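Reader: Hi! Could you walk me through this one while I have it open?
Author: Happy to, here it is.
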Amino acid sequence: MSDFVKGTLVEAILGAALITILLLPFQVLFPAYAPYTPFLIVPIIMFFALRLPLGGLVPLTLSFLAGIVWGLVFALVAGPLLAANPASAPVVLGVGITAVIFGILAVHPLLLGRTPLAMVPAVLLGFVESLMVMLVLSQIAVNPGAPAPLVPPAGFVAIAGFFVCGAVMTAVMVVASGAAADAVAGKGWNPHRGAPAAQPADTH
């Protein structure tokens, strides 16, 4: 068995186990929000999808939080307009969301490109999750056994907390599973530390 295969298997086994184990404290401490546990896995998905190094978790998290700020601004502007005239919802949402997305796509690469707020996918994700809080999750009825609703503005704080917790989980998982894989397969088996292992090119 090659070092690549051994390292990948160790990371896969330990990574899967750690994700499950690390989710348990959140579910025990905040049982009302246990149905939102998948939000904690989003940072892990973003981390691997963007093939980030371990240090990339900081700008990833900060960019996500910037997206929540965009969502909060949108809510402060659109909320009163929708309350005053519910029939204007298609126009307000259509124009407003388009304007915010344009702002994100323009401001973060051009003005914030050299800052930790330059990860546009994470900013967009933060904004989209904010829209979910504003338009969807706040409408969940509170019934016995139903998940607690994420109601603005507390809902914005909640999704920020979910992401930060998920980022910490990601760091623990990457460090622990990476160390275990290095111990079994040897250092250097995966040159892309922090990213999914890529099959070495065949040089023969």
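Author: Helix 3 and helix 5 make a right-handed crossing (the near helix is turned clockwise from the far one by less than a right angle). By class, their contact has 15 nonpolar, 6 polar and 1 charged residues, where Ala, Val, Leu, Ile, Met, Phe, Trp, Tyr, Cys and Pro count as nonpolar, Asp, Glu, Lys and Arg as charged, and the others, Gly among them, as polar.
Reader: Is this predicted or experimental, and what are the ground rules?
Author: This is a predicted model: local features need pLDDT of at least 70, side-chain atom pairs count only at pLDDT 80 or more, and totals for chains, interfaces and linings use all residues. Residues are numbered from 1 along each chain as its sequence is written, and side-chain values use heavy atoms, with hydrogens and water left out.
Reader: Thanks! At what angle do the axes of helix 3 and helix 5 cross?
Author: At roughly 40°, and the axes come within 7 Å; they are lines fitted to C-alpha atoms, for helices over the stretch in contact, with angles from 0 to 180 degrees between N-to-C directions. Helix 3 and helix 5 are therefore oblique (angles under 35 degrees count as roughly parallel, over 145 as roughly antiparallel, 65 to 115 as roughly perpendicular, the rest as oblique). Helices are DSSP runs (H or I, at least four residues), numbered from the N terminus.
Reader: New topic: how many salt bridges does the structure hold?
Author: It holds 1, joining the side chains of Lys6 and Asp3 at 3.6 Å, N to O. The cut-off is a side-chain nitrogen of Lys or Arg within 4 Å of a carboxyl oxygen of Asp or Glu.
Reader: And how far apart are Lys6 and Asp3 in helix 1?
Author: They are 3 residues apart, so about one helical turn separates them.

Conventions
Helices (H or I, at least four residues) and strands (E, at least two) are DSSP runs, numbered from the N terminus.
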